[in-house]
Amino acid sequence: MLCKMGLINHFRAATFNSTLSKAGLWPTKCWPTYGSASYKPLARHWSNVPFLTIPLRRTPGKPFAHRSELKQAKRVVVKLGSAVVTRGDECGLALGRLASIVEQVSVLQNQGREMMIVTSGAVAFGKQRLRHEILLSQSVRQALHSGQNQLKDMTVPVLEARACAAAGQSGLMALYEAMFTQYSICAAQILVTNLDFHDEQKRRNLSSTLHELLRMNIVPIINTNDAVVPPPEPNSDLQGQVISVKDNDSLAARLAVEMRADMLIILSDVEGLFDSPPGLDDAKLIDTFYPGDQQSITFGTKSRVGLGGMEAKVKAALWALQGGTSVVIASGTHPKVTGHVITDIVEGKKVGTFFSEVKPAGPTIEQQAEMARTDGRIMASLQPDQRANIIHRLADLLTDNREEILKANKRDMEKAVALGRLSQPLLKRLSLTTAKLNSLAIGLRQIAASAQDSVGRLIRRTRVAKGLDLEQITVPIGVLLVIFESRPDCLPQVSALAIASGNGLLLKGGKEATHSNHILHHLTQEALSIHGVKDAVHLVSTREEVEDLCRLDKLIDLIIPRGSSQLVRDIQKASKGIPVLGHSEGICHVYLDSNANLEKAIKIVRDSKCDYPAACNALETLLVHRDLLRTPFFDQIIDMLRVEQVKVHAGPKFASYLTFSPSEVKSLRLEYGDLECCIEVVDNVQDAIRHIHKYGSSHTDAIVTENEETAEYFMQHVDSACVFWNASTRFSDGYRFGLGAEVGISTARIHARGPVGLEGLLTTKWLLRGEGQAVCDFAEQGSMSYIHENLPVPNRT
């Protein structure tokens with residue numbers, strides 16, 4: 001008997017220690033985490049999250065109108081649904097998920113915000129503890145009354161929810177306390193019932209307690225007192241200005257309004273609010289939900305756990321919104337974007353469904369993308385001369401409306417100068433002139449000519465077998481997103497290329513060119529209207545951040561950034577599942593060979609560096625053959641750079657040749673984007689090529705030499721998108737290449753490379769015409785065999 005009791009006590013101790021460990025009250029070597037094998041809560045994991053630099057304020061009594069304003073939220077209520085905090089088996093807590101949530105709340109609390117948590121989970125935690133206790137009791141009884149060594153099969157009776165809540169509440173709170181302690185944050189527990197809100201004195205006491213806790217930088221953790229609450233009432237909890245607390249959704253909404261919270265975040269097991277049950281194939285996530293739109297929503301069943309479904313959450317959210325609190329419903333079980341759903345929401349990212357009282361006048365970005373795809377497909381089916389007519393019409397409109405365009409651009413220029421935020425090169429990009437508009441019109445007419453032989457062009461014909469002919473033809477990519485900075489002339493150029501290639505187009509321009517972009521887009525749509533495809537091109541004027549646009553992988557097929565190398569890098573980093581066509585840097589080289597012509601060298605170097613130093617095709621590193629050092633040739637190159645006020649940096653080899661050299665370059669892999677460049681010495685053409693491959697960006701590189709053999713060797717061996725002989729790097733441009741215009745310059749090695757014009761916006765599809773053939777006809781015992789005969793491709797008329 002003593003032996004048996006000793007084993008039982010040991011089993012009890014092990015169970016108790018395990019429970020304490022899970023509750024964070026017992027030392028443990030590993031913490032489970034959401035999405036990884038182990039979790040150890042460390043604040044340094046969030047060292048890249050910046051502290052707030054904007055004031056945390058809003059108009060009292062008014063919710064935020066747009067997601068971007070959520071960054072200003074100071075007081076935030078986070079509601080954790082049962083499906084978020086419990087495991088899939090509904091018995092026990094999802095500890096890793098909770099740890100991640102606590103970490104995010106701690107980060108926001110340490111930023112100076114006031115965080116409150118409305119949590120479920122007491123019933124699940126209590127169910128786990130009571131099951132352990134019941135199994136333990138059964139095992140003790142069976143051990144005492146059975147002479148057998150093996151225990152019989154044990155069943156656990158159905159557990160009453162209130163008893164589970166009573167058993168689990170203390171453990172749940174102990175777990176929260178242990179987790180928040182890791183971030184030096186204190187937490188406090190508050191249990192409420194619906195009656196507490198109906199009693200005026202209790203309601204005032206509750207409000208006073210919460211305010212005092214927030215003042216002391218303590219995170220209140222609130223839950224309904226499930227040990228004593230009555231059964232849930234029928235679904236009639238909205239009565240004017242009163243909401244009945246029957247679940248944690250309504251509790252969170254009531255508390256958010258009572259406490260004048262800036263934002264309520266409701267986390268559940270779904271991504272947000274869909275226009276129909278999310279399990280259906282055509283269900284679409286609603287990005288922004290407005291009061292009155294609930295009539296167009298079809299609600300499905302409840303979650304696997306919890307009292308309320310999505311309908312209860314929407315009602316609670318709308319009630320809170322009416323009370324002046326902004327609301328976001330999002331997934332806490334499968335968070336999008338960075339995986340940190342709470343901080344993403346507070347930072348204004350497009351996560352879940354945002355509830356707003358302000359309905360924009362125009363369509364959402366999702367609707368714009370869908371319209372662009374629909375009209376883009378219609379445009380692709382037009383005859384080539386019809387697409388060309390649209391582009392010719394746009395060119396005429398640019399000329400006919402020159403005064404209105406320049407007037408709008410003048411407003412943008414005056415504002416940019418007044419703000420003083422743009423450098424001179426960017427101001428030059430922003431400026432539109434009569435000469436620029438004339439060049440635009442000429443380029444557009446070149447594109448119109450190309451449109452005659454673009455979409456549907458036959459590339460290859462193959463007779464696979466008798467009566468089975470295969471064709472490959474060109475087709476549009478789909479929907480393009482082009483993001484550009486400070487260059488309103490980019491809008492009609494890219495629009496014309498999209499029209500010629502039959503692609504739908506979304507344009508996201510910089511705020512500095514708002515008026516210019518608006519009128520140019522209006523003229524573009526006017527031109528598109530002549531063939532009824534006005535919505536093929538849209539200007540994104542909503543408040544979406546670029547990072548949010550880069551995640552619309554189901555709506556956008558290709559992203560093309562036009563701007564600084566930093567913009568391109570940011571978009572490449574932000575893009576989730578959408579290809580990005582562009583170049584991260586424009587580190588272009590000019591190599592002066594020992595056989596270079598001085599007059600040509602001076603002209604090419606000056607143009608490459610000084611014509612437009614901010615351009616991606618401008619010279620950044622000048623490579624000089626060592627035989628040219630200490631010669632009049634080299635001296636005249638240096639004199640020219642000095643006259644042009646170009647700041648020179650010395651490469652390591654160049655510095656070693658000089659007693660007094662310019663400042664040594666910090667890096668040979670640097671894009672200056674200004675009147676600065678690096679000079680480095682190389683031994684020969686092979687050395688120059690090695691340098692370019694090591695430090696270049698595969699953009700544009702040039703050689704200046706009179707030796708044809710050396711030039712051809714350079715051009716064949718330099719692995720860059722553009723390689724020139726005795727020509728300025730500034731020729732790397734779609735217009736100068738005769739493409740009419742370009743959507744950008746690509747340094748990638750697939751699909752398109754260099755200046756990307758019309759051809760780069762097309763892909764292909766295969767057309768197979770047969771007479772009833774099947775693959776089994778070509779099997780070993782089949783009656784047919786493959787021919788694979790190449791057929792001539794006729795000229796298109």
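Arg 461 has Glu 471 in S14 as its bridge partner. This is a predicted model, in which local features need pLDDT of at least 70 and side-chain atom pairs count only at pLDDT 80 or more, while totals for chains, interfaces and linings use all residues. Residues are numbered from 1 along each chain as its sequence is written, and side-chain values use heavy atoms, leaving out hydrogens and water.

**Sheet**
- Strand S13 (residues 458-465) pairs with strand S14 (residues 468-476) in the antiparallel sense over 6 bridges; strands are DSSP runs (E, at least two residues), numbered from the N terminus, and two of them pair if DSSP finds at least two bridges between them.
- An open sheet of 4 strands runs in the order S27-S14-S13-S28, with antiparallel pairing.
- Strand S27 (762-769) and strand S28 (789-791) are at the edges with a single partner strand each, so one side of each has no neighbour in the sheet.
- From one strand to the next, the twist averages 25 degrees.

**Helix pair**
- Helices are DSSP runs (H or I, at least four residues).
- The axes (lines fitted to C-alpha atoms over the stretch in contact, with angles from 0 to 180 degrees between N-to-C directions) of helix H12 (residues 384-400) and helix H17 (residues 514-528) come within 8 Å and cross at roughly 140 degrees.
- That makes H12 oblique to H17, the class left after roughly parallel (under 35 degrees), roughly antiparallel (over 145) and roughly perpendicular (65 to 115).
- Contact (heavy atoms within 4.5 Å) joins H12 residues including Ile 390 and Arg 393 to H17 residues including Leu 520 and Glu 526.
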